[in-house]
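Work through the exercises below with the sequence and the 3D structure open. Each task sentence is followed by a solution in steps.

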Amino acid sequence: MAERFDTEDRDWPQRPWIMAAIGAAGGLIVHLLTDGHTAYGDTFPVWKQAATAFTIVATIAFLLTVELRRWTWSIAFAIGWGAVIALIGWFTAQYNHHGEIVEFPFLSGILAVLIAAPLFQTVRDEGAWRFPYARLHRHAWTDAVIGAASLVFTGITFLLAWLIASLFDVIGIEAIKDLLEEEWFGWMLAGFAFGGALGLLRERDALVATLQKLVMVVLSVLAPTLAVALAAFLLSLPFTGLDGLWESDIPATPMLLLSGAGAILLANAVIGDGRAERSPNRWLQYASLVLVVCILPLAVLAALSMGERINQYGWTPERIWGVVAVSIAIAYGLAAWWAVYKGRTEFDDPLRPLQTGLAIGLCGLALFLALPILDFGAISARSQLARLESGTIKAEEFDWTAMAFDFGPEGRDRLAEIARFGAAEMRTLAKAALDSDNRYSLSEQAQSVAQRARIERYLRVLSPDIAVTDELKEEITGQDGCNDKPCALLRLDTGRLLLVHNPYGGMVQSRIIDLSALGKEAKDARPAAAPARTPERVDLGKASIEIRAVERRQLYVDGHEVGQPFE
């Protein structure tokens, strides 16, 4: 049996070793670029991130696509796409506040590379701009199988290496273990194993084609199960309504899109790359028909779900990307319905060329969206600010963190405008967002400001001479104080106030606030909170609260003694 699937591909016995060497060299370069920049909080220069992306993409693209036939084309393909992804990463990192390269545009570029690889392999084999479906389909599946198998082989290689290192370690020879703990060696071993496995499998791609067919047969068996489930789901909606989709804890749009993607995958496993490869089982053919028919309704439901979220919460970059994904699903669903209309049960014949066109279009769309042409952050910033200015959302509930870190320069420019000209409460929140270098600390700070803004809803001021200043609000909401729960404030004497609150399950606690210490960092003079002596839950919004004059000064809530005496 010939080991090459395509007889025009020449044998290349040295390929595994050459690919392993290229993979090891790529791994070493990645180590040199990332060394010292893997620790949490460490700054990773943008140019190094872009160079790392170029190295990884160019190396894997070359290893995956190279053949002796027109091998220079593979070099051009790898370098070209590596440069494109590096530039995309450069612009993406420049766009972000912290120079993060792995964002949606970068991932869109990676998707474009993955789709472009089998398209390029088909053009390389044909020697012209032609895309026969059988060849394109085979390359797509073979790349997926070989890539996955190579990753598994890489994992097994590391397990074996650590087993050998452990064997020698127990007899006092630690050299192999020490070597494996070196980052440069780990990167080189990963590249060597991945490249070697990929070269070995590619040199025997006729066997891989057999494995691919086996995978498709196994997947096709699952087609009836998913077809029945999706059909039952869609037929149940007129009786159950759509409210369950919107109210579920599981996000509806990703779930529907994943269901549609599963339908596409299993339907293609049944129909194969041509009539000769189509499953002869009539039940599997009917199942594939049901699957492709279900794609469009699922995509429409996903669009409705996404529209509901946008109407409620406005645009964000994630939702814009979600709309793109929904649009792609709708396009495929329309193509599937057209194929069923043209071919009825033989829908696969008209569907195959449509899938080729969709693949080419998706590759171009993914590349276009990855380029710095459309500013999703600016669109999102305008949408969110419109909701804030219209009163749809209150300032304390507004996502200031997203404006500072997720919407790019436009978001921060709008924050600067609010910090200068906005309402007092908005100016405080906008300035805090602009001054923060950490999204997590900003979230805590914004939450604290929001709690101070809402304090009047929950605070009972029992002494009319108390002026609730901003400093006092900060003190009241701090230290697990009056945070969106009923609490009370009363005067203890000229320079002290008493805060009564129940932060933990209704347990009443009290805390003395020294007015002279407000705004100061050191507050050691304040006694610690005392636990309640009453076992029952107390509603501080309605409870009777008083300080009784006895031999000592003591807090009472609803007539019950609470905490330790003050004096």
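Helices are DSSP runs of H or I with at least four residues, and strands are runs of E with at least two, both numbered from the N terminus. The model is predicted, so local features need pLDDT of at least 70 and side-chain atom pairs count only at pLDDT 80 or more, while totals for chains, interfaces and linings use all residues. Residues are numbered from 1 along each chain as its sequence is written, and side-chain values use heavy atoms, without hydrogens and water.

**Exercise 1.** Classify the ring pair of F104 and W321.

Step 1. Rings of Phe, Tyr and Trp (its six-membered ring) pair if their centres lie within 6.5 Å; planes under 30 degrees apart count as stacked, over 60 as edge-to-face and the rest as tilted. By this rule there are nine aromatic pairs.
Step 2. The F104 and W321 ring centres are 5.8 Å apart with the planes at 20°, so this pair is stacked.
Step 3. The pair links distant parts of the chain, with F104 in helix α4 and W321 in helix α13, 217 residues apart.
Step 4. F104 is partly exposed at 35% relative accessibility, whereas W321 is buried at 13%.

**Exercise 2.** Which kind of pair do W321 and F376 form?

Step 1. The centres are 5.2 Å apart and the planes stand at 65°, which makes the pair of W321 and F376 edge-to-face.
Step 2. W321 is in helix α13 and F376 in helix α15, so the pair ties together parts that are 55 residues apart in sequence.
Step 3. Both W321 and F376 are buried.

**Exercise 3.** Name the members of the aromatic cluster that includes F77.

Step 1. F77, W81 and F120 form one aromatic cluster.

**Exercise 4.** Where does the charged end of R70 sit?

Step 1. A charge sits over a ring if NZ of Lys or CZ of Arg is within 6 Å of the ring centre and within 35 degrees of the ring normal.
Step 2. The charged end of R70 sits over the ring of W73, at 5.4 Å from its centre.

Technical notes. Buried means under 20% relative accessible area, exposed over 50%, partly exposed in between (1.4 Å probe, protein chains only).
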